[in-house]
Amino acid sequence: MASIWVGHRGTVRDYPDFSPSVDAEAIQKAIRGIGTDEKMLISILTERSNAQRQLIVKEYQAAYGKELKDDLKGDLSGHFEHLMVALVTPPAVFDAKQLKKSMKGAGTNEDALIEILTTRTSRQMKDISQAYYTVYKKSLGDDISSETSGDFRKALLTLADGRRDESLKVDEHLAKQDAQILYKAAFDEYRNISQKDIVDSIKGELSGHFEDLLLAIVNCVRNTPAFLAERLHRALKGIGTDEFTLNRIMVSRSEIDLLDIRTEFKKHYGYSLYSAIKSDTSGDYEITLLKICGGDD
């Protein structure tokens with residue numbers, strides 16, 4: 001089952017001989033010099049794990065009295081800026097912010113809500129809920145409740161809140177249990193449907209966002225990397241690029257299963273994720289995404 005491979009199939013790993021103070025100083029020079037040294041920023045931030053980047057953030061704050069993300073925001077712009085800021089954000093905070101953005105303003109980005117809530121593990125959801133409350137002083141559940149309705153809301157709330165059983169400490173158990181809870185969220189509606197035609201049944205009997213959510217649950221349980229490869233394909237095809245989705249998946253899966261997502265992408269679409277990014281993006285934004293992608297297939 002897909003969700004059991006969590007954690008070992010990323011493209012970004014810990015950097016050997018890591019020194020947060022050396023990196024913080026190099027980043028400060030890259031930002032403060034005459035004209036920004038983007039190449040230096042990219043090479044440091046894409047070649048360190050998120051845990052290492054958090055240590056750089058701490059060191060930067062201690063040495064220069066400033067938040068690294070604020071300096072990046074002040075110095076960079078556009079999609080490149082969003083991507084670099086995402087790289088220095090702790091994963092749970094990043095997801096919390098993505099959820100908030102999905103629900104902010106006119107209209108809700110249901111696709112983003114569905115993607116995050118179906119692909120994160122119980123442990124991740126717990127951290128995300130805490131981060132959400134810390135940053136926004138509101139509970140994630142309350143915001144979901146006020147932005148959605150009906151069965152769709154009920155199922156989202158199950159995913160956001162209902163996935164807790166601290167007695168199981170082994171990751172493999174957690175992954176299996178996540179899959180079962182996801183399935184339960186789908187199948188409480190349909191107790192009597194056999195697995196092979198569940199997708200057809202959902203499509204035949206439901207519509208709208210609730211249908212999208214149940215299909216996402218089924219696809220995630222069957223194969224999370226394939227589900228995310230399909231999201232990336234949609235973000236990159238056609239006119240214009242969906243950078244919100246592209247940045248989110250590339251950053252959030254870079255230490256989990258991006259290698260598997262690449263494999264699924266190539267298998268389903270006949271060309272590599274690397275080549276899709278290359279033909280659809282440009283400049284420092286493209287260079288950074290390709291570094292995170294980690295290679296061509």
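Buried means under 20% relative accessible area, exposed means over 50%, and partly exposed lies in between (1.4 Å probe, protein chains only). Keep that in mind for every stop.

**Before you start**

This is a predicted model, where local features need pLDDT of at least 70, side-chain atom pairs count only at pLDDT 80 or more, and totals for chains, interfaces and linings use all residues. Residues are numbered from 1 along each chain as its sequence is written, and side-chain values use heavy atoms, with hydrogens and water left out.

**Stop 1: the whole protein**

Show everything as a cartoon. The protein has 17 helices and zero strands. Both are DSSP runs numbered from the N terminus: helices are H or I with at least four residues, strands are E with at least two. Of the 297 residues, 50% count as buried.

**Stop 2: helix α12**

Select residues 198–205, which form helix α12. Which residues are buried here? They are I198, V199, S201 and I202. Look down the axis of α12: the buried residues fall within an arc of 165°, so they line one face of the helix. The arc is that of the directions from the helix axis to the C-beta atoms. Now check the other side of α12, where D200, K203 and G204 are exposed.

**Stop 3: helix α14**

Move to residues 243–252, helix α14. Nine of its ten residues are buried, so α14 is largely enclosed by the rest of the structure. Pick T245, which lies in this helix. T245 counts as buried because its relative accessibility is 7%. Leaving out residues up to four places away in sequence, T245 touches E115, R231 and A235. Contact means heavy atoms within 4.5 Å.

**Stop 4: the largest nonpolar core**

A nonpolar core is a set of buried Ala, Val, Leu, Ile, Met, Phe, Trp, Tyr and Cys residues joined through side-chain atoms within 4.5 Å. The largest one has 74 residues; I27, L68, L72, M84, M250 and L273 touch the most other members. Helix α13 (residues 208–236) gives the largest share of this core, 14 residues. Centre on L273. Beyond its neighbours within four places in sequence, L273 is in contact with L232, L236, M250, L258, R262, F265 and C293.

**Stop 5: confidence**

Colour by pLDDT, the predictor's confidence in each residue, from 0 to 100. The average is 87, and 86% of the residues score at least 70. Select residues 164–170, where pLDDT is below 50. Then try residues 1–6, where pLDDT stays under 50. Where pLDDT is low, the predicted coordinates should not be read in detail.
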